[in-house]
Every structure is written in C-alpha cells, then in structure tokens.
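Reader: I would like to go through this protein step by step, beginning with the whole and ending with single residues. Could you take my questions in that order?

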Amino acid sequence: ALGWRPLEAEARRRLAGLQSKRGDYEDARATGRQAYLDAVGSGHELEALDSAMFLTALVGEHLAEPKQASYWGALASEHVERLGLRGTVREAMVLNGIGAAHGRAGEFAEALEVHARARAIFTEVLGAEHLFVANSINNRGSALWEQGEFEGALASFRDAQAIRVRVLGAQHPAVATSHNNIGVIYWEQGDYAGALREFRACVELRTAALGPRHPDVGAAHNNVGAVLATSGSYAEALGEFRQALDIQEATVGVEHPDVAGTLTNMASMLRHDGQADEALAMHERALAIWEEAYGLEHPNIALALNNIAIIQDLQGKFEESLATHERALAIREAKLGPDHPDVAQSLGNIASQLSELGRYEEALAAHERALAIREAKFGAEHPDVGTSLTNIGVYLRRRGRYDEAMDYQRRALAIYE
C-alpha cells in the first residue's frame, strides 16, 4: 500500500479511468467511488472534485444512470464553489457531465443551456481549437438531434469532427464518434447510403483502436444493423444486432439501456419475419430496462410503447394499440415538443388505429398533422413525407375521394422514384 491517502485517491482515480477506457464500467465506478472517499477522508478537496467529475461523466454517459450522474455532478459543483474554481476548465468539465446527464434524462433544453456554458468557458480559457471545445460542440449537436433539429445537429457534429481530426488525426476513437453522430443525422434525413458509410467507418476505427469486444464497438454494430434494416437488408441487419447484443451483454450487462436499444432493433427484425410473440417479449424487456433506468416519462419509454402498440395492432387489439400509441404520443409531446418528428410518427400510428376503429375524420386529421410536421422538418422530398402522403392517399381512396387520393399518391411516388 502507498500509505498516504491523497496519493492513493489519485492513483485510484487514474486506475478507474483506465478501467473505463477498457469498457469495465462497473469496476471503474467502484474504483472511482473509493477514490472519492479517500480524497474526502484525507481532506484533499481538489482530488475529491476530480473524482466526482470523473464519476459524473462515467455514470451519465457509460452507465446511463442520469439520476446518479446528477448526484455526482452536484457534489462536483459544490467542490468547485468551495475551491473558488468558477470560470475554470474544471467547472466546464463538470458542466459537460451535468449536461450529458440532462440529455440522458430527456431534458434536452436544460442540456443545451449547460453545454453552452461549458463551451463558453472552454473557449475563453483554452481557445477555439481545443478538444474540450470540440466535445462541447458535439454535446450541443446531440441535444439538438434529440429535439429534431437535424440541420443544426449536423453542423455541430461536423464542426466537432473537424477539430478532432486536426488535433488527434483521422484514426482516433473520438473521430469515430463523430462518424457515428454524423451517420445518425444522415439516417434521420433519409440518406441511408451516407449513414451506412459513416457507421461502417465508426466500426472500423473503434475496432482498430479499442478491440472487437469493446462496448463502443457493440454500439457501432447496432447502428450498422439499424440502417441495414431500414434499407430492407434484414438478414444482414440481424447478424449485426446479434453481434452487438453479444458484446453489450458481456461487457455492460444485461440490464444496461444500450442492451434495450439493441433488443428493440432485433425485435423489429423478428416482427418483419412474422414472429410477433417473440418480438413483443423483446420489446417488453426493453421497456422494463428503460423504465428502471429512466423512469416512466423518458422518450425511450415512448419508443418502446410505440413498438409494443405495433405488435398489438398485428394481433388485432386495436383499442389497446390506440391507447398505447396515445400514451407514447403524450410522452413525446411533453418531452420533445409538439413538432418533433417522433410526434409525427406517433400521429401516423394513431391515425392507423383510428381508421381500424372507424373514426375516419379523426384519422385524417392525425395524418395531416403528421404530414405538416414532416414537411416542416425534412422538406418535401423526405421518405417520411412520402409515407404520410401515401397514408392520406389510402384514406381518401377508401372514402371514395379518388381525385384527391390520386394527387397524394402521385406526390408520394415522385419522392420514392
């Protein structure tokens, strides 16, 4: 033993950092917590701050526990105050962790505000080309993406990537993260070829830098599978999901929120293959994981409910499906705002259930609202706009309004061609 607790605390924190880089997040949490206790017990407040700051980022980003991350962030902020470190790099790093916790909790407006404060401090102290500035720009992009502001998110992700490439080189894992984030936006915008290119670049860089069994590699395989599924390559997509799930369950554990994301994607493949009961069980497992991690009002809860409602529809349980979709819509409107693309998705699904139940005018109103949201967010040529146009055309045809239906179907066909 070293025999001097302040030095032991610092050594433990550094060990925790190595454990985190290796993907051993629970070990890193235990080591980091002991480092914090050693620092507090020995009166080494600066080390206590650094340990709390590390735990804020670890617990929020990798372990996906926003309440615990907020707890550590509050402790770190108290140490910043007592040490007189307002306006310093350490305060900005604490703010980054707190902002990430807000994002994980679905509090995106709060995340944007905190990340903006962190970026201002980093830029003032370190200059505009520092990696910490790039990280803050990237965090801003993540919050904008969650709010459906895809153009702003894409610009932020590209700006962060440019700094990272200049400072770290094009093969660094941080650059891989930028490839991943840019791919997410391409996917949201309907550019599936661009998304697949970025996701595969992320897999390649992360595998080379971190090894094939790292949790971040698992997450990258999951994203590759998702875009393959969207493009209709279901068998290839299922292989990517299985690889992702194998890595994630072995590294972060079976109850981690990222596992729920992969289960969700695998369930969608099973549904397409006609295995509705198996798909429903996976969606319900994902819902349970997310409820335990995030509570009942998080956007991911809405995603799980949306998927469960789709299975209920396939089973002919139209009233249950409608109620589940309406619960998902309420969460999305409350957490994401009334004009978010996910709200449009819920509206389209609700419209389908209303049609099945003979409530045709309500169904048309929901489809038209979904179309308006999608056109405002994506422009007139996005595939999701085509989906809304098709849905309205089908409704109008069923109601005998053939000329109007033809206009909508022609507009949809122009998009798909």
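Predicted model: local features only at pLDDT ≥ 70, side-chain atom pairs only at ≥ 80, totals over all residues.

Reader: How many helices and how many strands does the secondary structure of the protein come to?

Author: Helices (H or I, at least four residues) and strands (E, at least two) are taken as DSSP runs, numbered from the N terminus. Counted in that way, the protein has zero strands, and its helices number 20.

Reader: What percentage of the residues in the protein is buried?

Author: Buried means under 20% relative accessible area, exposed over 50%, and partly exposed in between, with a 1.4 Å probe and protein chains only. Of the 417 residues in the protein, the buried ones make up 49%.

Reader: What share of the contacts with a separation of 6 or more comes from residues 24 or more positions apart?

Author: A contact means heavy atoms within 4.5 Å. Among the contacts in the protein with a separation of 6 or more, residues 24 or more positions apart account for 58%.

Reader: Why can helix 11 be called largely enclosed by the rest of the structure?

Author: Helix 11 covers residues 215–230, and it is followed by Gly 232, whose phi is positive, near 90°. The helix is largely enclosed because, of its 16 residues, the number buried is 13.

Reader: Which residues does Ala 226 contact, leaving aside its neighbours within four places in sequence?

Author: Ala 226 is found in helix 11 and is buried, with a relative accessible area of 5%. Its C-alpha atom is separated by 23 Å from that of Ala 370, 144 residues apart along the chain. With neighbours within four places set aside, the residues in contact with Ala 226 are Trp 187, Phe 241 and Asn 265.

Reader: Which helices do the buried residues of helix 19 pack against?

Author: Helix 19 runs over residues 383–398, and its buried residues include Val 385, Leu 389, Ile 392 and Tyr 395. Just after this helix, Gly 400 takes a positive phi of about 80°. The buried residues of helix 19 pack against helix 18 (360–378) and helix 20 (402–416).

Reader: Is Ser 20 buried or exposed?

Author: Ser 20 lies in helix 1 (residues 5–22). Not counting residues up to four places away in sequence, Ser 20 touches Tyr 25, Ala 28, Phe 54, Leu 58, His 62 and His 214. Its relative accessible area is 11%, so Ser 20 is buried.

Reader: What is the phi of Ala 64?

Author: Ala 64 sits in the loop between helix 3 (45–62) and helix 4 (66–83), and this residue is buried, with a relative accessible area of 0%. Its phi is positive, in a residue other than glycine, and the value is near 55°.

Note on methods:
Residues numbered from 1 in each chain as written. Heavy atoms only, no water. Expected span 1.5 Å × (residues − 1).
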